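User: Got a model open here and want a quick tour. Can we start with strand pairing?

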Amino acid sequence: METKNNDATAQRPQGARVLDAPLVAINITEFMKQIKTETAWETSDRNAITVYKTNGMRIILIALHKDAVLKKHTAGGIMSVQVLEGEINFSTDDESIVLSLGNMIALHKGLPHSVHAIKESVFLLTLTTSLDK
């Protein structure tokens, strides 16, 4: 298996990291600190970083300021959301659930949903993606 890296960018100068390899160690605590020190966090209502990306799965750490909203959208795969800090309201067309530290939901592909940060929050999004044929 080929190791895949993400290169540093102007927005993330220390962003070089392994995204895919036979074994990828992910320090969520350090990534949480990192995304809260970046310009995007200071200048917008959110920041995020992809911590793992392979054929079939993607893991993204997302931080939202209080009252930030991810407008209604759909995901192209099955997903899970696990709250690591704060409190969010996760809504579908049929129901709404408040998630706080340690709470997690799973959602089927294509189901419209939105997220509202009740407090400053950080969550881990795991998303299945299409496998190459």
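User: What is the bridge partner of Phe90 in β8?

Analyst: Ile97 is the bridge partner of Phe90 in β8. This is a predicted model: local features need pLDDT of at least 70, side-chain atom pairs count only at pLDDT 80 or more, and totals for chains, interfaces and linings use all residues. Residues are numbered from 1 along each chain as its sequence is written, and side-chain values use heavy atoms, with hydrogens and water left out.

User: And which residue is the bridge partner of Glu87 in β8?

Analyst: Ser100. Strands here are DSSP runs of E, at least two residues, and helices are runs of H or I, at least four residues, numbered from the N terminus.

User: How many bridges join β7 to β8?

Analyst: Five, between residues 87-92 and residues 96-100, and the two strands run antiparallel. Two strands pair if DSSP finds at least two bridges between them. A hairpin through three residues joins β7 to β8.

User: What is the strand order of the open sheet?

Analyst: β5-β10-β7-β8, four strands with antiparallel pairing. β5 and β8 stand at the edges with a single partner strand each, so one side of each has no neighbour in the sheet. The twist averages 20° from one strand to the next. Angles run from 0 to 180 degrees between N-to-C directions, with axes as lines fitted to C-alpha atoms, for helices over the stretch in contact.

User: Switching to packing. Which residues have the most contacts inside the largest nonpolar core?

Analyst: Leu64, Met79, Val81, Phe90 and Phe123, in a core of 19 residues. A nonpolar core is a set of buried Ala, Val, Leu, Ile, Met, Phe, Trp, Tyr and Cys residues joined through side-chain atoms within 4.5 Å. Buried means under 20% relative accessible area, exposed over 50%, partly exposed in between, using a 1.4 Å probe and protein chains only. Another core lies apart from this one, with 14 residues, including Trp41 and Val51.

User: Now Ile28. Where is it, and what does it touch?

Analyst: Ile28 is in helix α1, residues 28-35. Leaving out residues up to four places away in sequence, Ile28 touches Leu61, Leu84 and Leu124. Contact means heavy atoms within 4.5 Å. Ile28 and Leu124 are 96 residues apart in sequence and 9.0 Å apart in space, C-alpha to C-alpha. Ile28 is partly exposed, at 21% relative accessible area.

User: Last one. What is phi of Asp67?

Analyst: Near 75°, a positive value in a residue other than glycine. Most residues other than glycine have a negative phi. Asp67 lies in the loop between β4 (57-64) and β5 (69-73).
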